[in-house]
Amino acid sequence: MITSHAIEVDDVTVRYGRILALDHASVRVPTGRICALVGMNGSGKSTLFKTIVGSVTPTTGSVTLAGRSPAAARKSGLVGYVPQSEDIDWTFPLSVRDVVMTGRYGHLGFTRRPKRADHDAVDKALARVELTDYADRQIGQLSGGQRKRAFVARGIAQEASILLLDEPFAGVDKRTEATITALLRELADSGVTILVSTHDLQVLPTLADEAILLMRRVVAQGDPTEVITTDNLVRAFGLDPLDRTVQTPGDRQEEAS
Ligand SMILES: Nc1ncnc2c1ncn2[C@@H]1O[C@H](COP(=O)(O)OP(=O)(O)OP(=O)(O)O)[C@@H](O)[C@H]1O
C-alpha cells in the first residue's frame, strides 16, 4: 500500500498504570520529511517513539508505518530507532562496528553471517558519521556525541526508510549537532522519513520541515515557526508569556530582520 504519510499515529492513548502518558495523540509525518517532536520532560515523547516501534501497546488508537503495523515494519527493517542514551546499556561488550552491524540483521540471510555487502554497508555508514577510526572501540568508551553518531550509523546501515531519534542532540557539542543535522537532511533528501525529539528550539528552523508540540496530546503540528509560538509554548510548557528570556525561532527571525 502506498501512502503519502510514512508515519501515521491515530488517536493513541498510553497508560502506565495510573499515569496517562499519551492522551488521544494523533501525528502524521509525510514521507521524506523531517519532523521535530518538542515537549517538556514527561510530555510523552519517548512513549510516542516506543509506541511507534511497537514496544509499548496503546489502549486506544493505532499506528501505521508506510501502510504496515509496527510489528510488520520492525520485522522488515523499515524502521531505525535511536533510543535515549539512558535506555542503552553502555557496558555491553560490543564494539562500535558490532553496534552498527546490528542494523544489518534484517538483511542477513539464513546463516545470519554478514556478507561482503553487509561489511561494506557498515564501513560506509561509519565513514558517513566520521567514526571509522573508532570502529573497534567498545561502545561505552565513546563520548556522548560519538555514541549518538554510532546509533545514527546503525540506522544508515540498516537502510531504514523511517528513522526515529530520541534526543540525539542531548549532551552533544555544536559540531556534532551540525554533523547530525546535515546528515539527517541528506537522508531526508534521499526519501527517508525522520521523527526526531529535541529540547533545542533554536535548532528547529535548520533541522526540521515540521514541528509537533506534545503535552500528552498534540498541542500543535505544522511549520516550525508557526508551531513554536509563545502562545503554544505557554500551552505546552506553562511558560509565562511575559518572560522575554524565552526565545522562540520566530523571535530570532524578527531580530535578524
Ligand atoms: N515504564 C514506565 N512506567 C511508569 N511510568 C512511566 C514509564 N515510562 C514513562 N513513564 C511516565 O510516563 C510519562 C511520559 O514519559 P516519557 O518518558 O514518554 O516522557 P518524555 O517526554 O520522553 O520525557 P523526557 O523528556 O524526560 O525523556 C512520565 O510521567 C513518565 O514518568
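Colleague: How many helices and strands does the secondary structure of the chain come to?
Modeller: This is a predicted model, where local features need pLDDT of at least 70, side-chain atom pairs count only at pLDDT 80 or more, and totals for chains, interfaces and linings use all residues. Residues are numbered from 1 along each chain as its sequence is written. Helices (H or I, at least four residues) and strands (E, at least two) are DSSP runs, numbered from the N terminus. On that basis, the chain has 10 helices and nine strands.

Colleague: What percentage of the residues count as buried?
Modeller: A residue is buried if 20 or more other C-beta atoms, placed from the backbone, lie within 10 Å of its own, exposed if 12 or fewer, and partly exposed in between. Of the chain's 257 residues, the buried share is 41%.

Colleague: Which element supplies the largest share of the shell around the ligand?
Modeller: The residues around the ligand (C-beta atom, placed from the backbone, within 6 Å of it) include Tyr16, Ile19, Gly44, Lys45 and Thr47. At least two shell residues each come from strand S2 (19-30) and helix H1 (45-53). With three residues, the largest share is that of H1.

Colleague: How many polar residues does that shell have?
Modeller: Ala, Val, Leu, Ile, Met, Phe, Trp, Tyr, Cys and Pro count as nonpolar, Asp, Glu, Lys and Arg as charged, and the others, Gly among them, as polar. Sorted that way, the shell has three nonpolar residues and one charged, while the polar ones number seven.

Colleague: Is H4 parallel or oblique to H5?
Modeller: Axes are lines fitted to C-alpha atoms, for helices over the stretch in contact, and angles run from 0 to 180 degrees between N-to-C directions. The axes of H4 (residues 116-128) and H5 (residues 144-158) come within 8 Å and cross at roughly 140 degrees. Angles under 35 degrees count as roughly parallel, over 145 as roughly antiparallel, 65 to 115 as roughly perpendicular and the rest as oblique. So H4 and H5 are oblique.

Colleague: Which residues of H5 make the contact with H4?
Modeller: Two residues are in contact if their C-beta atoms, placed from the backbone, lie within 7 Å. H4 brings Ala121, Val122, Ala125, Leu126 and Arg128, and H5 brings Ala153, Ile156 and Ala157.

Colleague: How do H5 and H6 run, roughly parallel or oblique?
Modeller: H5 and helix H6 (residues 174-189) have axes 10 Å apart and pack at about 10 degrees. That angle makes the pair roughly parallel.
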